[in-house]
Amino acid sequence: MKEKFKLYGSIFILIIFVPCLLMLWVRGGFEGKQADPVQQQIEDALPFVVAREISVSSKTETLKTQAVIARTNLWRIYLESQSESAQREWNISDSGVESYTESELKALWRTSAYETNMEKLRQAVEETRGEILTVDNQPIQAAYHYAANCKTRNASEVPGQESAVYLQSVDSPDDMLADGFLSISYMEKQQMADALAPLLQEDAPQAENLPGALELTARDSAGYVTEVTCGMTVANGEAVRQALHLNSACFYLSELDGKIRIVTKGIGHGLGLSQYGANELAKEGKNYQEILRYYYTDVTLEDWK
């Protein structure tokens, strides 16, 4: 009888605990299991990447939002770097994504604030651990900028970005309150001619013909210049913006007192998430998941742990 009790007891234990052990094994829950090295690299680097991409003074939900964006972009870059025919060891330094080092952050924040600020960033990373934005089970190009021209841009209207169908225009009206949203600056005609010469080459305008020689021939529905025509050359509006070091491609040119007056609205390329708008939504009580789904269309927030 005692032997039967032992037998039944052993069977009962197996029935109860074997499924639990199997579940732990499937989920990678055994203590001592090695994390995927690429995943671990990405998670370890994220606080330093996020620190470079957004102000640590942002709301907690905004920091979480940026953590998901940064993680998504790192995974996308990693997957694009791999090929079925030639897998190679990957290091996060290969990604081209900018980040701070510990010493740079201590100098930026002062050592006394370093641990407090890093704790905020580590919390944002940990509370979103493994989460990325996907379409068709692939990481998206999680574009972001600081402030839009009161609404973000449609990628379908931006040369070279047409395939990013998840980057669609949404209202972001609070962006007009961002510091630097409206910028008015002046440039010498020769300075502008020199800046545009490498881009426009043989059709580069003479200084005395500026700004009239430049035609802002096309804008998208958010007000950003998509085409600039000079002579027979049509230049990308974003390329002109970069050549002139403007806040955004939502710009206007005129002449005043012999100089070129430049008015810009918004800060950054205007695609995807507006960090200023996201922070305002966080102040209203929106969580990071709601913010991400607002600024990116028809995406899945997927767990890649």
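Some conventions to begin with. Residues are numbered from 1 along each chain as its sequence is written, and side-chain values use heavy atoms, without hydrogens or water. As the model is predicted, local features need pLDDT of at least 70 and side-chain atom pairs count only at pLDDT 80 or more, while totals for chains, interfaces and linings use all residues.

I start with α7, residues 237-244. Helices (H or I, at least four residues) and strands (E, at least two) are DSSP runs, numbered from the N terminus. Which residues of α7 are buried? They are G237, E238, V240, R241 and L244. Seen down the helix axis, these buried residues fall within an arc of 160°, so they line one face of α7; the arc is taken from the directions from the axis to the C-beta atoms. Buried means under 20% relative accessible area, exposed over 50%, and partly exposed in between, with a 1.4 Å probe and protein chains only. The buried residues of α7 pack against several elements, including α6 (189-200) and β8 (251-256), where contact means heavy atoms within 4.5 Å.

Now the ends of the helix. At its start, a side-chain oxygen of N236 comes to within 2.7 Å of the backbone nitrogen of E238. Just after α7, H245 has a positive phi of about 55°.

E238 also forms a salt bridge with R153, with the closest N and O atoms 3.7 Å apart. This pair links distant parts of the chain, as R153 is in the loop between β3 (144-145) and β4 and E238 is in α7, 85 residues apart. Both R153 and E238 are buried. A salt bridge here is a side-chain nitrogen of Lys or Arg within 4 Å of a carboxyl oxygen of Asp or Glu. By that rule the count is 15.

K64 takes part in two of the pairs I want to show. With E61, the closest N and O atoms are 3.0 Å apart. E61 and K64 are 3 residues apart in α3 (residues 60-81), about one helical turn. With E127, the distance is 2.7 Å. E127 lies in the loop between α5 (111-126) and β1 (131-135) and K64 in α3, so this pair ties together parts 63 residues apart in sequence. Is K64 buried or exposed? At 9% relative accessibility, K64 counts as buried, whereas E127 is partly exposed at 40%.

Last, a network of salt bridges links E43, R71, E126 and R129.

Note on methods: Polar contact = N/O pair within 3.5 Å; in protein donor to acceptor, adjacent residues only side chain to side chain.
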